[in-house]
Amino acid sequence: MKKVLVLGAGLVAGPLVRYLLDQEGFQVKVASRTLKKAERLIGEAKNGIAQQLDVSEQEALERLIGEADLSISLLPYLYHPLVSKLCIEHTKHMVTASYVKDEMRALDADAKKAGVILLNEIGVDPGIDHMSAMQVIDQIKASGGELVSFSSYCGGLPAPEANDNPFGYKFSWSPRGVVLAGKNPARYLKDGEVMDIPGEELFTHHWPVTIEGLGTLEGYPNRDAIPYVKTYGISGVKGMFRGTLRYPGWCETMNKSAELGLLDEAERDGLVGLTFRGLTAVLIGSSGEDLKTDLAVFLNLDVDSPAISNMEWLGLLSDDPLPQSAKSPLDVLVARMLDKMHYAPFERDMLVMQHEFISRYSDRKQKTTSTLIDYGIPYGDSSMSRLVGLPAAIAAKLILLGEIDLVGVQVPVVSEIYDPVLAELAQMGVKFTEKTEVIDS
């Protein structure tokens with residue numbers, strides 16, 4: 001019996017847990033601070049166990065890790081190093097969908113010495129993006145080509161029929177992380193030159209992106225893409241870019257929301273008793289008599305511009321009271337977005353990913369476009385939860401069956417990981433379509 005410990009029972013856990021429960025000879029224990037969440041995931045499965053766990057109780061966490069063969073951490077990333085250290089100490093494997101941080105990277109030697117794998121970044125972004133990119137990059141190298149540039153975009157969005165609000169976005173959980181990502185600086189490589197984008201300028205750098213089979217979306221840079229030159233083994237490339245996709249108009253509205261001060265995390269006195277209209281007036285120093293005009297002037301926009309209309313739709317000019325729990329402008333924005341921009345049970349989300357590879361051969365230069373469009377299931381799993389959870393679940397299975405036989409801190413950029421995981425995802429309908437064209441002969 002292969003014993004898997006799943007730490008966390010959040011919104012991406014369902015597809016992962018059900019996949020593992022369906023594997024013959026697997027026992028799955030789900031540990032969560034809220035026991036009912038774990039029980040709901042396990043359901044009636046005879047090979048499932050629900051366990052209450054407060055991860056701050058290290059002795060209880062260590063006991064559970066020691067009892068399992070492999071632990072999957074769906075906890076906040078701050079807990080991954082602790083889980084990893086306990087896995088190393090008890091010679092157990094670990095899987096997580098989160099980015100590798102320095103503290104995790106420092107455990108590589110200890111993990112190799114213990115003979116265990118700490119597999120990170122095995123979700124969708126990061127995860128499926130790495131695997132699908134490396135599969136094509138390795139194919140280019142194997143056929144005698146040289147990669148000139150690589151760009152990758154990914155976005156979780158409402159499906160077209162569910163795209164019915166002016167922001168072109170909906171949240172299936174707290175918007176806080178999505179909004180705060182808009183404050184991150186970005187770096188990428190363009191024509192051999194490093195492009196540095198300060199966080200406060202992020203939303204001013206956007207452009208149309210044509211998605212094969214879908215239409216035109218809006219793309220903007222996503223964090224620091226340059227380290228992936230080394231990760232992907234593509235030194236010498238002139239272009240390396242990773243970006244986020246949204247429906248057109250998102251960047252202008254979010255840029256103006258930042259200018260207004262709505263991304264400010266600092267706690268403010270005097271929010272209690274204010275209305276949304278009152279907060280907006282405070283932020284721009286307006287008397288409130290003609291607040292919409294004052295707001296447009298403050299943001300250097302026409303009063304009938306889309307960004308102003310979007311803010312009005314969100315309720316920033318309304319007399320609705322601010323949420324009592326709000327302590328900062330960011331709290332106000334997050335609460336209002338969650339209230340106005342959520343999915344109905346029957347609505348589908350959509351995951352869009354597209355890579356572009358420019359490669360040079362002895363007789364030609366060509367562009368390969370690789371595109372994934374995946375949809376959620378009405379009244380069922382979201383695309384986001386499936387595409388985060390399933391790669392991690394598949395990889396966990398392959399590790400326990402000995403089909404992935406690697407040790408140390410790993411990310412899924414080697415064929416021993418990406419080939420079988422992508423092959424099984426394709427059987428589930430999660431697969432890329434490719435288009436290649438010669439652009440210079």
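**Exercise 1.** Which side chain meets Asp224 in a salt bridge? Work out where the two partners sit and how open they are.

*Solution.* Keep in mind that this is a predicted model.
- Step 1: Asp224 pairs up with Arg187, with 3.3 Å from N to O.
- Step 2: Now find them on the chain. Asp224 is in the loop between strand S11 (215–221) and helix H9 (227–231), while Arg187 is in strand S8 (residues 186–190). They are 37 residues apart, so the pair links distant parts of the chain.
- Step 3: Check the accessibility. Asp224 has 28% relative accessibility and counts as partly exposed; Arg187, at 31%, is partly exposed too.

**Exercise 2.** Look at the salt bridge between Glu259 and Lys256. Is Lys256 buried or exposed?

*Solution.* 
- Step 1: The closest N and O atoms of this pair are 3.4 Å apart.
- Step 2: Both residues belong to helix H10 (residues 250–260), and they sit three residues apart, about one turn of the helix.
- Step 3: Buried means under 20% relative accessible area. Lys256 comes in at 11%, so Lys256 is buried. Glu259, at 40%, counts as partly exposed.

**Exercise 3.** Take helix H15 (residues 383–400) and test its length. How many of its residues are buried?

*Solution.* 
- Step 1: H15 has 18 residues, and at 1.5 Å a residue they should span 26 Å.
- Step 2: Compare that with the model: the end C-alpha atoms are 26 Å apart, which agrees.
- Step 3: Of the 18 residues, 17 are buried, so H15 is largely enclosed by the rest of the structure.

Notes
Residues are numbered from 1 along each chain as its sequence is written. This is a predicted model: local features need pLDDT of at least 70, side-chain atom pairs count only at pLDDT 80 or more; totals for chains, interfaces and linings use all residues. Side-chain values use heavy atoms; hydrogens and water are left out. Helices (H or I, at least four residues) and strands (E, at least two) are DSSP runs, numbered from the N terminus. The expected span of a helix is 1.5 Å times one less than its number of residues. Buried means under 20% relative accessible area, exposed over 50%, partly exposed in between (1.4 Å probe, protein chains only). A salt bridge is a side-chain nitrogen of Lys or Arg within 4 Å of a carboxyl oxygen of Asp or Glu.
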